[in-house]
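Subject: Structure handover and notes

Dear colleague,

I am handing over the structure for you to look at, with the sequence alongside. Please open it first; my notes follow below.

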Amino acid sequence: MTDAFEGIRILDFTQLEQGPSATQMLADFGADVIKVERIDVGEIGRNQAPFLGDGYSPHWSATNRNKRSISVDVKSAEGRKLILDLAKNADIVASNFRPGVMDRLGLGYDALSAVNPRIIVAYASGYGLSGPYTHRRGQDLAAQAISGLMALSGTEETGPMPTGTFIIDYVASMQFALGMMAALAARQRTGRGQVVDSNLMNAAITTHLQEGTTFLSTGQRYPRPLANIAHAHNTALYGYYKAADNLWFTLIGEYYVDEQWRRAARACGLTPEQIDDPRFQSIEGLTEHVRETRDLLADAIARFPRDEIMARFEAEDILVAPVHDYDAVFDDPQVRHNNLVLEAEVDGIGPVRFVGMPVSLSETPARLRMVPPKVGQHNDEVLRAAGLSPDEIANLKSVGVIGSESDREAAGGRPAWS
């Protein structure tokens, strides 16, 4: 099978989620991603709990499939030379250290482009490669806070609220991947590499680009909504409600249909007077009376089990969706149909299930080619392909420039993840 990014080679210095998710996306579509890790112990993400077996981290493995691993002491002169030699035949070098770290290692854009003018050097960071915040460590929660996203989230009652996952790490990783793909496309035209600069703060701000653009153009602000209302500029017909069996669902009755209030009120079994109340027949009226309509809907919905009230809304052609508890997400029939659950055998651990690939291509689909690697698992393979002889590789091992988890295990040691 031909893969979309077959023939593209990435030297991957990334850690945790922002960087590894991006390089994994390109790896899923066929790029040869060579993960450069610390000798024996690997990247810091391998130590994220909880663990399977003897300390294997599913959290780490979620972002490192379809990659090969080499384990190199890049602070040594020999290790730096080894990476520069590998960069001669690479397309991208990716990292998400704080700005300046790769330069201090002698592996920044100037050094890399000197050995390969076509190299794309891709940096992911917290705030960008320049500016007053470059010295700060980047982190998802900080990005949610400084970007305004947290201020838009939550309710009047809760105050600011972060999302339930590291959403900005993931959004930033997709923008990081897009930057690398754009640079590859540009290189086809120019023949030259360039620097990709992607960061968490920018990604977080672009998650609310509609609100931001409206504010910049009109000055409209977005205070936190009442409880049960999804966004401050929406009505009670766009929110989340708890049914009689304590199960939650989302109600999207403000869009797609006419007579929004009448349909929702009929579904809830409100009285004819409430259904026909002239105050509630327009979006403007529903906005003005959001607290009253919210209370009417919440009280009425609480009389019905979730499946029943959802069916009543659907009979009125109003969109609803269950709020899945986490164990229900991956049993959902559409999730299964979309192949978002993968299973593979991991050496020493057994079967491990992964979240699958979110994007499908009809001719060159993403696929699971390799499970996440052991530290330095591919040292010999990668270095032989780079032209090193067995004796040269053995010498690098003996002087501590490269090392591997397998070598340590063979000597009676424990896996890197333990």
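A word on terms before the findings: axes here are lines fitted to C-alpha atoms, for helices over the stretch in contact, and angles run from 0 to 180 degrees between N-to-C directions. Helices (H or I, at least four residues) and strands (E, at least two) are DSSP runs, numbered from the N terminus. The model is a predicted one, in which local features need pLDDT of at least 70 and side-chain atom pairs count only at pLDDT 80 or more, while totals for chains, interfaces and linings use all residues. Residues are numbered from 1 along each chain as its sequence is written, and side-chain values use heavy atoms, with hydrogens and water left out.

The protein chain contains 20 helices and eleven strands, and its C-alpha trace spans about 90 × 50 × 40 Å along the principal axes. Of its 418 residues, 46% are buried, where buried means under 20% relative accessible area, exposed over 50%, and partly exposed in between (1.4 Å probe, protein chains only).

Six strands form an open sheet in the order S3-S2-S1-S4-S5-S6, with parallel pairing; two strands are taken to pair if DSSP finds at least two bridges between them. Strand S3 (67-71) and strand S6 (195-199) stand at the edges and have a single partner strand each, so one side of each is left without a neighbour in the sheet. Direction ignored, neighbouring strands of this sheet are turned by 20° against each other on average. Strand S2 (residues 32-37) pairs with S3 in the parallel sense over five bridges, and Ile-34 has Arg-68 as its bridge partner in S3.

Helix H1 (residues 18-28) lies across S1, S2, S3, S4, S5 and S6, running at about 130° to S3. Helix H8 (residues 167-190) also packs on the sheet, where it touches S4, S5 and S6 and makes about 165° with the direction of S6; contact means heavy atoms within 4.5 Å. Eleven of the eleven residues of H1 are buried, so this helix is largely enclosed by the rest of the structure. Just after H1, Gly-30 takes a positive phi of about 110°.

The largest nonpolar core has 30 residues, and those with the most contacts inside it are Ile-10, Leu-26, Ile-92, Phe-176 and Met-180; such a core is a set of buried Ala, Val, Leu, Ile, Met, Phe, Trp, Tyr and Cys residues joined through side-chain atoms within 4.5 Å. H8 gives the largest share of this core, five residues. Leaving aside neighbours within four places in sequence, Met-180 is in contact with residues including Leu-26, Ile-92 and Val-196.

Elsewhere, the axes of helix H11 (residues 260-268) and helix H15 (residues 306-315) come within 8 Å and cross at roughly 145°. Ala-264, Arg-266, Ala-267 and Cys-268 in H11 meet Ile-309, Arg-312 and Phe-313 in H15.

Finally, Lys-397 is found in helix H19 (residues 390-398) and is partly exposed, with a relative accessible area of 32%. Leaving aside neighbours within four places in sequence, Lys-397 is in contact with Asp-380, Ile-402 and Asp-407; the C-alpha atoms of Lys-397 and Asp-407, ten residues apart along the chain, are separated by 9.7 Å.

With best wishes
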